[in-house]
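Here is a short walk through one protein chain. Keep the view open and follow along.

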Amino acid sequence: MDVLKKGFSMAKEGVVAAAEKTKEGLEEAAAKTKEGVMYVGTKTKEGVVSSVNTVAQKTTDQANLVGEAAVAGANEVSGKAVEGLETVVASTGLINPAEPSQTEEAAEPAADAGQ
């Protein structure tokens, strides 16, 4: 009977030692896992922030280009409209193209005053 008790006692000590080693191994593995997850999370967050900033900058650039194109287009359209109106008015005989317009006459005295 003593042999059995001694054998079971030794087996129990072995199981306890293995459990302690397993516990230490699990704690170390958990710490390493946590460290790895935190590292990946940090790098992912940095990448997302960088991507968001890049997208915001590109959106701003595109909005500026669209705004500039709209202004240029509006200027061109208004210029063409004025030219078209001048042509229509001249062709209907409402004004004589050979005569200076009122805006041209107003500009001439201002130019003369500077001399």
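**A pair along the helix**

Glu-46 and Lys-43 sit three residues apart in helix α1, so about one helical turn separates them. Their side chains meet in a salt bridge, at 3.6 Å from N to O. The term means a side-chain nitrogen of Lys or Arg within 4 Å of a carboxyl oxygen of Asp or Glu. The structure holds one salt bridge. Glu-46 is partly exposed at 43% relative accessibility. Lys-43 is partly exposed too, at 42%. Here buried means under 20% relative accessible area, exposed over 50%, and partly exposed in between (1.4 Å probe, protein chains only).

This is a predicted model: local features need pLDDT of at least 70, side-chain atom pairs count only at pLDDT 80 or more, and totals for chains, interfaces and linings use all residues. Residues are numbered from 1 along each chain as its sequence is written, and side-chain values use heavy atoms, leaving out hydrogens and water.

Now the whole chain. It has two helices and zero strands. Both are DSSP runs, numbered from the N terminus: helices are H or I with at least four residues, strands E with at least two. Of its 115 residues, 0% count as buried.

Where does Glu-27 lie? Its place is in helix α1, residues 2-92. Glu-27 is partly exposed, with a relative accessible area of 48%.
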